[in-house]
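Please look through the model shown here with attention to its aromatic rings and to the strands around them. The paragraphs that follow take these two topics in turn.

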Amino acid sequence: MEFLINIDVDDLPRAIDFYRSAFGLRPGRSFGASGMEMLGGNAPLYLLAKAPGSQASEGQRRNYRRHWTPVHLDMVVDDVEAAVDRAVAAGAKLEGEIRVNSWGAIATLSDPFGHGFCLLEFRGRGYDALAQEPSGQGTSD
């Protein structure tokens, strides 16, 4: 299985500049005025030009104000403070203090198109500090 990341934006050139400046991604294939493939992560990211007010799904219209969704991007970085500085300089909004946990540090931000994302810096054992053994799922006795 392969995962593709699609992000709707209302201003494609601005989105290309943001994702290039904030995360060091580079343009891949262009789909004209309708989209751009961005490369440099472990999965391609597709910026898709969609007009504000256009239909997103049944009964829902696109808007690019800050919105919450249970699905968001987490980007793993080597230095969360430096990554936050870079993202904010590119146009992101930091939405609170950087928090330090047993597994590392996390910063919550939003891009200029209202999409939330987190920057994670794993420290020590990273998520292994939280991991538990599976509870018998998928085992055969």
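A residue is called buried when its relative accessible area is under 20%, and partly exposed when the value lies between that cut-off and 50%. In this predicted model, Tyr19 has a relative accessibility of 1% and therefore counts as buried. Phe18, with a relative accessible area of 2%, is buried as well.

The structure holds eight aromatic pairs. In one of them, the ring centres of Phe18 and Tyr19 lie 4.9 Å apart while the ring planes stand at 90°, so this pair is edge-to-face. Phe18 and Tyr19 also belong to a cluster, linked by ring pairs, that includes Phe23 and Phe117.

Another aromatic pair, formed by Phe31 and Tyr46, is tilted, with 6.2 Å from centre to centre and 45° between the planes. Because Phe31 sits in the loop between β2 (26-30) and β3 (35-39), whereas Tyr46 belongs to strand β4 (residues 45-49), the pair ties together parts that are 15 residues apart in sequence. Phe31 is partly exposed at 37% relative accessibility, while Tyr46, with a relative accessible area of 10%, is buried.

β3 pairs with β4 in the antiparallel sense over four bridges, with Glu37 standing opposite Tyr46. The hairpin of β3 and β4 has five residues between the strands, and in this hairpin Gly40 takes a positive phi near 130°.

Definitions and conventions
Residues are numbered from 1 along each chain as its sequence is written. This is a predicted model: local features need pLDDT of at least 70, side-chain atom pairs count only at pLDDT 80 or more; totals for chains, interfaces and linings use all residues. Side-chain values use heavy atoms; hydrogens and water are left out. Rings of Phe, Tyr and Trp (its six-membered ring) pair if their centres lie within 6.5 Å; planes under 30 degrees apart count as stacked, over 60 as edge-to-face and the rest as tilted. Buried means under 20% relative accessible area, exposed over 50%, partly exposed in between (1.4 Å probe, protein chains only). Helices (H or I, at least four residues) and strands (E, at least two) are DSSP runs, numbered from the N terminus. Two strands pair if DSSP finds at least two bridges between them.
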